[in-house]
Structures are given as structure tokens and as C-alpha cells.
Amino acid sequence: MKNYPKIIAFLYVWVFIACQPKEALFEDAICIQNISTIDPIEGLTKKQTIVIKDGKIHKIVDSADLLLSKENTIIDGSGKYLIPGLWDTHVHFAYIEELAPRMFDMFLTHGITSVRDTGGKVDFVKKWKDKALANPTDAPRVMMAGPLLDGQHAVYDGSKPNLPELGIGLKDVASVKEKAKMLLSKKVDLFKAYEMLTSEQLSTICKIASANDIKVTGHIPLSMNAISASNSGMNSMEHMRNLDLSCASNSDELLAERQKLLANESNLSGSELRAYIHGLQQEKAMKNYDDKKATEVLAVFKKNDTWQIPTLTLNTLFSGKYFADAEYQKSYLLLPDSIADYWFTRSNVLKDYPVSEKSQLTTEFNYKMVKKIHEKGIPIMAGTDTPIAYLTPGLSLHEELSSLVKAGVSPLEVLKTATYNPAKYFNMENELGSIKENMWADLVILDANPLENISNTKAIHAVIKQGKLYNPKMLTQMLTNLRDN
Ligand SMILES: [Zn+2]
């Protein structure tokens, strides 16, 4: 037994080595260490390690439980916050065609990794959608509606620069069916119903959508009230448009008046007729706001699961005047020169406009309704309407998040409106919109906590799109390129 001490010594060494924590190596991966994650459902979790591989979130673990080999690509997440990539759920690539080629980078540099295009010429928007599909790490995901499906007298008919041809005039139910079939062949992700539709046309659109398993969003048609639009199967509503007309004590009277006016005896254009009706009825309706009526309407939305995209920043633009802020205006430098010049000029003219009584009423109504909608548990999605009304692609989404907080939605719930909710809207909640293993790695690293102050969503340190890291240097370079071109 001369070798006995040697064997003991060997066993000691072996046990010592075996008990050492093993260093983990993840090849072709990015490891973010010691970061606070903010999942829109679970909330904040401190000191997490996230391993990103093959475009997805490969592993999430307490940093204390994983010793990373120095060979890994490691990002130090100390003092930083990780949120899911953001959505802007109301954008128009086709509103200013010249601007479209910049929109991908404007979105990505502002943490927006998915967008929903809510209206434009289908072939134009599809071109950008296809480009995004072909380059999923270099572009935000694009979901698209195709054109606004409008009634006989279309509002966005291409007759003026501020009325580009985003819409299409449909004279009857048969033309609705024909158009819907064409759009389905172009693989639209949803339909967008517009204000001049008849109730028969809207219900046809909703039936076709439901049979093809896609959603219908839109403006409540002027020919209907909010309850009948929801009951006919509209899945979501944009801007809360025309909701004021249904929440008034005299809503039935207003509807009867509209239905007469829609016969359009003076043969106005669609936009003129809509403007005439809005001018005649909106202020009257808001002055006759009836909380009981509003509660009835929202109960129907809740029952039918009719989601809302309030575009609160846009709706309150003449009182909120986001465009008047010098810091906000710096974002115009990312636009092509001719557009930037126009936006600077217009913003500085509009900022001195007095706030009218109607603007004040509109602002009060909008904030009140968003709060009420949220309290009823009706899902909200964050959307802007960029690039309409000097809403800069990218930055404007952060304005909307702030507006929603101002309306009384908590910062965590607001993050949900721009992450989990849009993913769920498109039945993608198992792939996107929260921080879980096996989800697409669409993520944003922030330098400050957005739960403490929602404007910290602008403190972007890095962006990850389907596994590709855009570090601070790359983001700065992209912004410089936009400014210089
Ligand atoms: Zn829009």
C-alpha cells in the first residue's frame, strides 16, 4: 500500500478541479451580463445574463449562476436596462415617398424594431416590407394594411400634396369584395377601413378579413356610431377618430344629421365633406360629452375586444405642440433637406398659434378617454402616424410613450403598448414582445430606467435586431449618415 498517499492526493486534486465553477463559452453569441431586464409582463429583474445566438434569446439566467469565459463577446450591462424592441403601430411609408428610404434607419436608431403600416399604395409599401423581410437584421419588421379602404368619395385621393393617394374610393359592396381579393393576393397583414364607408361596406370588409384570419383596423365610419362599428367586427380603432360623436348625449341626433350630409348633395370631394362634417359636429359633441354614454361605448369595446391606437400625441398637437421644442426639432436634421426646411418653417409658425377652444376640448377629451379606455382593460397600442404632422420617424414614438404616461397609464403598462400588445395583435406573442428564452432577439439596451421616467426610453445605448448588435458607435454613425445625406 505504498501508493496509497499518492492516490489520495490525486483524488483531492480531481475533486478540487471538478468543483471549480465551469466557465461557459457560447460561440457566435452575444452575452449581456449584469443587466436589469424589464419584461412588459414580469417587470424588472436585476442582474441578469442574456445570451443571444442565432437571432434569438438563447438563455436568460441570474448573472451569479453563470460564469462566462473571457472568450465570449460580453457586453457589460451594469447600470443598464434591457427592454424588448419597440413597435410604432401607426406609420405611413407612402405619405412622403421621398422619405421612405430613410425610415428603416430612423426607426432602428430609435429602438423601433417593428412597425405597422396603416395605409398607402400597396405596391409601394410592399416594396419596403419585402426589403425588410430580405434583410431582417438591418430593418424593422414591417406589417402592412395596403391602402385605406374608403367609400365612394375617398378622403386621401391624391388631389393635394397633403392628401396623397393613400386611400381608394369604393363605390359599392361589390367593389369592396374585388379590392379585398386583390389585397389578399398581395399578402396584406390587415385591412384598414376608412371614414367614408357605408355600414354594409364595413361589414363586408370585416367578414372577408375574419374568413382570412387577418384583422381590420380603421376609423369609425361617419355613417355609423362606435358601437355598431365595433359590433360589425372592426378589431381596432385608430386615433379614437369619431369616438367623440358617439360619446355625446345627443349622439343619435348627430348621427342622423351625418347620414343626411353623407348623401353629398353639393358634390364635395371626400376630404371636403369629411372636414365639413367634423367642423359641424366635433365641438358640439365634445361639449355634450356624456360619461354614461362613454361608459356604454367602452363596455361594447371591452366585450368585442376592440383595441385602441389613440395616437395621443397627434390628437393633442395644437395644445401639446411637441414640434415647438428645440430639442425635438433637432430630429428634423435626419430628414432630406427640402423636407427638413419645410418642417422647421411650419413648426415655427404653428408654435405661436393660440390654442383654440376646440383644441382645448379635444385635448381634454383625448386624455380623459385614454385613461378610461385603459381603466376598462381595453388593450392600447402605441402609434404615432409618422411622418404626418411633423412626427419624425423614430423619435415621435417616444413622444407618444410620454403622452400615454401623462394620460395616467403606468410606465410599465406603456411599455406593454409598444412591445407585448402589438406582438399579440399579430398573434406573435410567443415570438416577440417580451424577454423570454427562444424569442427573437429584438432588444434595446437603455442607459437609464424607463420605469422611473418614461423619457428614459430615449437613452438608447444599443439596439439588437434579430440578433445583430448595433453598438453605440454604429448608432452614432447611422445618425451621422442620415444628417449628412
Ligand atoms: Zn394614419
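A nonpolar core here is a set of buried Ala, Val, Leu, Ile, Met, Phe, Trp, Tyr and Cys residues joined through side-chain atoms within 4.5 Å, where buried means under 20% relative accessible area (1.4 Å probe, protein chains only). In the largest such core, Phe93, Phe191, Leu243 and Met369 touch the most other members out of 116 residues. This is a predicted model, in which local features need pLDDT of at least 70 and side-chain atom pairs count only at pLDDT 80 or more, while totals for chains, interfaces and linings use all residues. Residues are numbered from 1 along each chain as its sequence is written, and side-chain values use heavy atoms, with hydrogens and water left out.

**The cores**
- Take Met369: leaving aside residues up to four places away in sequence, it touches Met240, Leu243, Cys247, Tyr289, Ala294 and Leu298 (contact means heavy atoms within 4.5 Å).
- Another core, of 15 residues, lies apart from the largest one, and its members include Ile30, Ala441, Ile445 and Ile464.

**The zinc site**
- His90 (NE2), His92 (NE2) and Asp385 (OD) coordinate the zinc ion at 2.0 to 2.2 Å.
- Donors are N, O and S atoms within 2.8 Å of the metal (3.2 Å for Na, K and Ca), and water is not among the atoms, so sites may look incomplete.
- Along the sequence, the donor residues follow the spacing H-x1-H-x292-D.
- His90 and His92 are both buried.

**The parallel sheet**
- Six strands make an open, parallel sheet, in the order β10-β9-β11-β12-β13-β14 (strands are DSSP runs of E, at least two residues, numbered from the N terminus; two of them pair if DSSP finds at least two bridges between them).
- β10 (167-169) and β14 (307-309) sit at the edges with a single partner strand each, so one side of each has no neighbour in the sheet.
- β9 (residues 148-150) pairs with β10 over 3 bridges, and Leu149 stands opposite Ile168 in β10.
- β9 also runs parallel to β11, joined by 2 bridges, with Leu148 opposite Lys192.
- β11 pairs with β12 (residues 215-218) over 4 bridges, and Leu190 has Lys215 as its bridge partner.
- In β11 (residues 190-193), Leu190 and Lys192 point one way, Phe191 and Ala193 the other, and all are buried.

**Helix α16**
- α16 (residues 395-406) has buried residues that include Leu395, His398, Glu400 and Leu404 (helices are DSSP runs of H or I, at least four residues).
- After α16 comes Gly408, with a positive phi near 110°.

Note on methods. Buried < 20%, exposed > 50% of the residue type's maximum accessible area, 1.4 Å probe, protein only.
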